[in-house]
Amino acid sequence: MYLLGIASIVLQTTLVQHLPFVPDLLLILCVYLGIYHRSVGGAAAAFFLGYGLDACSGAPVGMNAFAMSLVFATVSATARQLWLQNPTSVLCMVFLGVVLKTVAVLLLSDFGQMHLMFHATAARHIVWDAVLAMLLTPMVFTLLYRGEPFDYKV
Amino acid sequence: MQRFFYRYRVTLSCSFFLAFSLLLAMVNIRAPYRIDPVGVLVLEVMYFPQLAVTWVGERVGQVWDRYVALRSLRGENEELRLRIEALEKAAQQVTELDSANQRLSELLTLREQLGGTAIAARIIGRSPLAWVRTAVLNKGASHGIAKGMAVVVSSGVVGQVVSTSPHTSRVLLVSDISSAVDILVQRTRVRGIATGAADGGGALKYIERKEDIQIGDTLITSGLDGIFPKGQLLGTVTRVGAQGGHLFQEVEVTLSADLSKVEEVLVVAPGPLQAAE
C-alpha cells in the first residue's frame, strides 16, 4: 500500500500534470483507504500521502496531511455506519472528500492569512475537481480492488 | 486499558494524525521558515521514480510526435508538393520571360545601330520540307514589309523576304541552297557569295584558288547586293578545300545565327548600294 502511495504521488507530480485537467488521484486513493482499509495502517497511509504531497508541492507542511487525514477519518467513520461498497456511495464519498479537502485547505490558509484570491480560485475549481475525481473513481477503484490479495477482499 | 486502545485503535490513530498534522500546519504557516524534518527524505525517495516516469513519458511523447502525428504530415506534404509545382512553373515562366527580354533587348540595340527602318517580327512558322529552308513571320505588307528586305538578328544574318501577304511574310533563310548573300572575308576583304548547304550550314562560292582564306575567318555582308546592310555577321569558315583542276575553292561555313532557334527578328529595309572597297 505504501508503494502504491509513492507511485500515486509520482504519477500526480509527473504524467498527470501534462493532462489538460489534473485529477486528484491521491484523494481517490485516500477515500479507498477509508472504505476498504479502516485501520491504523490506513490512517498512517492517508497522513503520509498528504505529507508527501506537501513535500513535493511546497505547500506549508501539514496542510495536505491534515486534509487527507480528515478525509480518511470522515470516510472511515461513515463506512463504519453505512454500507459504502456500491458505486453510488463511493462517488458520493469522493465528492464529499473533495469538498472536505478543499474546505480544510481554505480554513488553514485563512488561518495563515493567505491572499483572498486563493479562496476564490479554490472555490471555483471545487466543482470541476469533484466531477473529475468522480469520473476517474470507478477505474481507480477497480484497479485497486483487483490488486488486493484474495483474502483481503470483502 | 489495552482493550480500550485495541478497540478504538482506528479512532485514536485518526485523532493522533489529525492533531499532529494540524500542529505541523499551524507551526509551518506561522513560522518564518519551513519546518520539514522528513521532507528532504521524501524528495530523495521520489527523485528516481519521478526521473524514470518523466523519462518514459518523454519517450512516449516523442513516439507520438514522430509516428502518430505523421498522419497529418501526409496532407501537408501533398500541399507543399503542389505548391512546389506551381512555384517551379512560375520560375520557368520567369526564366522564359527573362530570355525573351534579353533577345528583345539585343534586337533593340541592333535596331538602333542599323538606323533607318527596322521592323521587329516573330517567326510563327517554318517550312515542313527538309530541303527548303524558309520561315514565316507574323508581319506582312500592312506593317511595311516588302519583298527583298533583309532579315537579321543580333547574332547575324537570317535571310531575305521573298514574298508577303498583308499580315505575314515568307523569308528565305541563308541556309537554303537557293539563297545568295554577297559577303566579304573580314580579314582579307576577299569577296564571295554565301549560299546554303545541304546539311543546313553554309558554303562560299566563287572564291578563287589564289585568294587568301583560312579556317576561322569571319564572314560579313558586303552591302554590295543592296539587300543586306554592310558589316552584318554571316558566319565563320570551318573548312577550306581546293579540288584539283577546279577554278574556285570549296569553303564550308558555320552560320553565326542559329536559325533553328531564332524567334524574334528584325526586318530591315534595303539600304543604298555600297561602293566596292
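1. Two strands are taken to pair if DSSP finds at least two bridges between them; helices (H or I, at least four residues) and strands (E, at least two) are DSSP runs, numbered from the N terminus. In these terms, Val268(B) in strand 12 of chain B is the bridge partner of Ala150(B), and Val268(B) is likewise the bridge partner of Ala118(B).

2. The model is predicted: local features need pLDDT of at least 70, side-chain atom pairs count only at pLDDT 80 or more, and totals for chains, interfaces and linings use all residues. Residues are numbered from 1 along each chain as its sequence is written, while chains are lettered from A and ligands numbered from 1 in the order in which they are written.

3. In chain B, six strands close into a barrel with antiparallel pairing, in the order 1-2-5-4-3-12. From one strand to the next, the twist averages 45° (axes are lines fitted to C-alpha atoms, for helices over the stretch in contact, and angles run from 0 to 180 degrees between N-to-C directions). Helix 4 (residues 70–114) of chain B packs on the sheet and touches strand 1 (118–126), strand 3 and strand 12 of chain B; the direction of this helix makes about 15° with that of strand 12. Contact here requires C-beta atoms, placed from the backbone, within 7 Å.

4. Strand 12 (residues 264–268) of chain B is joined to strand 3 (residues 150–153) of chain B by three bridges, the two running antiparallel. One of the bridge pairs is Val152(B) with Leu266(B). Five bridges join strand 12 to strand 1 of chain B, again antiparallel. Strand 12 is largely enclosed by the rest of the structure, because four of its five residues are buried (20 or more other C-beta atoms within 10 Å of the residue's own; exposed means 12 or fewer, partly exposed in between; C-beta atoms are placed from the backbone).

5. Chain A has six helices and zero strands. Of its 154 residues, 41% count as buried. Among contacts in chain A with a separation of 6 or more, 65% are between residues 24 or more positions apart.

6. A nonpolar core is a set of buried Ala, Val, Leu, Ile, Met, Phe, Trp, Tyr and Cys residues joined through C-beta atoms within 7 Å. The largest has 48 residues, and those touching the most other members include Cys30(A), Ala46(A) and Phe72(A). Helix 2 (9–30) of chain B is one of the helices that each supply at least two residues of this core. Apart from it lies another core, of 43 residues, among them Val181(B) and Leu219(B).

Key
Contact = placed C-beta atoms within 7 Å.
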